[in-house]
Protein chains: 2
Amino acid sequence: MSEIPMTIPDLHAAYARGVTPGEVIRQVYARLAQVDDPGIFLSMPTEDAARAEAEALGPFDPARPLWGIPFAVKDNIDVAGHPTTAACPAFAYTLTEDAFVVARLRAAGAIFVGKTNLDQFATGLVGVRTPYGAPRNAIDPLIVPGGSSAGSAVAVGHGIVPLALGTDTAGSGRVPAALNNIVGLKPTLGALSATGVVPACRSIETISVFAMTVRDAYAAYRVCSAFDPADAFARDIPAPDLAAPAPAPVIGIPGAGSIRFFGDDVQAEAFAAAVDLLRGQGAVVREVDFTPLYAVADMLYDGAWVAERYTVIEDLLKTDPEAILPVTRQIIGKAESLSAADAFRGIYRLKELARAAAPLLADLDMLCVPTIPRFYSVADLEADPITPNSNLGTYTNFVNLLDMCALAVPTPARGDGRPGSVTLLARAGQDAALAALALTLEAAGDRRLGATGWPHDAGPPLPPAPADRLTLAVCG
Amino acid sequence: MSEIPMTIPDLHAAYARGVTPGEVIRQVYARLAQVDDPGIFLSMPTEDAARAEAEALGPFDPARPLWGIPFAVKDNIDVAGHPTTAACPAFAYTLTEDAFVVARLRAAGAIFVGKTNLDQFATGLVGVRTPYGAPRNAIDPLIVPGGSSAGSAVAVGHGIVPLALGTDTAGSGRVPAALNNIVGLKPTLGALSATGVVPACRSIETISVFAMTVRDAYAAYRVCSAFDPADAFARDIPAPDLAAPAPAPVIGIPGAGSIRFFGDDVQAEAFAAAVDLLRGQGAVVREVDFTPLYAVADMLYDGAWVAERYTVIEDLLKTDPEAILPVTRQIIGKAESLSAADAFRGIYRLKELARAAAPLLADLDMLCVPTIPRFYSVADLEADPITPNSNLGTYTNFVNLLDMCALAVPTPARGDGRPGSVTLLARAGQDAALAALALTLEAAGDRRLGATGWPHDAGPPLPPAPADRLTLAVCG
């Protein structure tokens, strides 16, 4: 069997011509062996067990949207019978129930193949803050894999699996997508159930989806999306069919005075080229002063929200502090000096900053930002474990605090061959609109999927939006 | 001049027949002198100054909804040139600008006549926690005036003014309305700007309106309501014209297993009679288990929200603790032992409790509760300053935590002559629907306004709801 590209349409085409899901599982394990990176997965079913699950699907049923689609799960999300470690061995526990979203994927025909490595307790954007040994970036082992959903992004980047779940508070579902040349869909807060997730910041966090293509990411998002009354933070967010984007969307980009690349001129050029693509597709591009958004971003680690992380590890910090990585302890330990009054002052400050940012966003349909401002090497992180991590969050940290949804999409490779990526951002509930516009972006230029040689296939054009489509606004 | 009943229609009728606003101001000060309660107002303009402001209105303009209407302001809301004390002399400051809502009232033609006494820092439901000497209940000086908006409610109850502003976190805009036989309108959070308010719990608090009648309270609410971008917690909430309520509303009441009167059988009878009135008007009444709502209520003082109060007085507590009443210090001081992690745990717990309560509320249009479960005397409070206060909040404490709006409306007097009062509750944004239904309740029976002998005049019937009226849902 020749290797099948890890996209849903390619796999479904293969199944339609008689390939079995067991054969696809064999490819998954073979490709993992070929990649030979023990840092990607923290636990897996045996190949035989995964093949047995695959063969149990019975005959190909194209009506099930994820029939026979292998998927990986970040190891802060529960999968029945597999330990959930959050990359902290002392924290590990094993349940007999899947997380809500994992159960949704399986019910749609997807096949679980492993739990992936992460920055411990999902605290980091680099992917190297793990006691299990970091995964290597799929594109270039010298650069960081990105985190905190490192293993999930790398697994997709290598074409081991077409789908993987991450989580995203500060950018953990977007930064590693940019670093591995794949798609990272960060849904509206509350759209995907958090039941069965070890939270980082429970009030401003979501499960996210990595895939090779926007279409696949959105297909998985739709399957995962269902209101879960057991998750107190769940919201009933629409996940309609994709339709062609409205013509001439008004898109804000960081203005010259506030755009930040930390010296990476090639990234600046790549972003300018991506914006030109948007313009070429009819978008009305407006430069926006990002200063108020950076002020929001500063709340994430300097403000009270670090106390949310603390609630998760408080017991462990008290009984066995050495079980937690020093850098993680240092970041989360800051919460020990914060009072409840500080927390409310932080909430007030965020409300005020969000109000200050509102006029800036009011007349825009979306924002478009570089997913990451620049690249950092593993060596950079060894020299300074904090600053590169902070800088990587430049365009991601403010997003959940402002209740926006996001989609990180690959753009043509940079001049130096590194992957290009921009992120589209919109207000809560606009996930489908982001995906529709992202489709046109990812179709531009001659692109390969992840770190593979597989070409990108744009697929059929989107149908026009139905005439009765209302603009859905979700307030928060 | 014979005494004019303190309602907007009565005053506007008087103005139409040639009475001047200066004469009305004279009545305000005369009635205050007659009532002879120095605990009601903490500061006032001189009568001459108020009359000068009144006469400056020029000729009667019935198009201005509050033309010539005297109003009082709780002394935690700024009025230009008058000290804002929050009932704490050491905290006092004087600004040259009115609070946003005060400015709206004045712009609509209303005349400011004084700042009213309150439970210090709006912490209390009794009205006796003030170093200035408590106002006396307008109906019966042996019972507590109710708080925290004590002076505002007593001033309206005596017919000194037809309108007064309060604030409401835990019930401060409703409990004193019940105790003084008047209307207390507690708007949807964010509907009225908090600019110029000394907050108690900024995230779950609102300015409220006291009036003799529902129509007057709603008229003032409409004038006050305008989106204020300077208030980070402001929301754009509709304040439409009142229209006849939909027929057969489904109204939940506390079920037999969870209704609480703390031994006041007369209150139980009065509430049953009010519910019968609703039934008689076509309402479908359903008994609801209030246990989940009481669990929400417990969060207000036992949970982290007391830290919001602490943010307001932290400096004073540190520099001059004796400036704060011991009972207030005891309540708010609890925040000193609460961490930021505790605050977020409280937020999680509230979300979970709100989710648990959701099914119970899902099929209801409104709730109807006794505004207070029983009466307490001033002597009761001297014996125990905490328990009676807590019990008074039985049906009010959970409301803002669940983002509901409320309207406390007088019902026919109880068997023992004390005032009857129920509160209608609905989800955010339904303020007009509450007012429309409350109108039909207050029209039942032979009722006098406040502590006066003025009869209640139901006024003209409401027009039918316009055909194009959409149900407006505000999510939060």
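**Loop, then helices**

Reply: Leu325(A) sits in the loop between α10 (306–319) and α11 (326–333) of chain A. Helices (H or I, at least four residues) and strands (E, at least two) are DSSP runs, numbered from the N terminus. This is a predicted model: local features need pLDDT of at least 70, side-chain atom pairs count only at pLDDT 80 or more, and totals for chains, interfaces and linings use all residues. Residues are numbered from 1 along each chain as its sequence is written, chains are lettered from A and ligands numbered from 1 in the order written, and side-chain values use heavy atoms, leaving out hydrogens and water.

Me: What is Leu325(A) in contact with, leaving aside neighbours within four places in sequence?

Reply: Gln120(A), Arg129(A), Thr130(A) and Pro131(A). Contact means heavy atoms within 4.5 Å.

Me: Switching to α4 of chain A. Which residues are buried there?

Reply: Val101(A), Val102(A) and Leu105(A), in the helix spanning 100–107. Buried means under 20% relative accessible area (1.4 Å probe, protein chains only).

Me: What covers the buried residues of α4(A)?

Reply: The cover includes β2 (70–74), β6 (163–168), β8 (206–211) and α7 (214–224) of chain A.

Me: And just after α4(A), what phi does Gly109(A) take?

Reply: A positive one, about 105 degrees.

Me: Chain B now. At what angle do α2 and α3 pack?

Reply: About 150 degrees, with the axes of α2(B) (21–35) and α3(B) (47–55) 8 Å apart. Axes are lines fitted to C-alpha atoms, for helices over the stretch in contact, and angles run from 0 to 180 degrees between N-to-C directions. The two are therefore roughly antiparallel (over 145 degrees).

Conventions
Parallel < 35°, antiparallel > 145°, perpendicular 65-115°, else oblique. Buried < 20%, exposed > 50% of the residue type's maximum accessible area, 1.4 Å probe, protein only.
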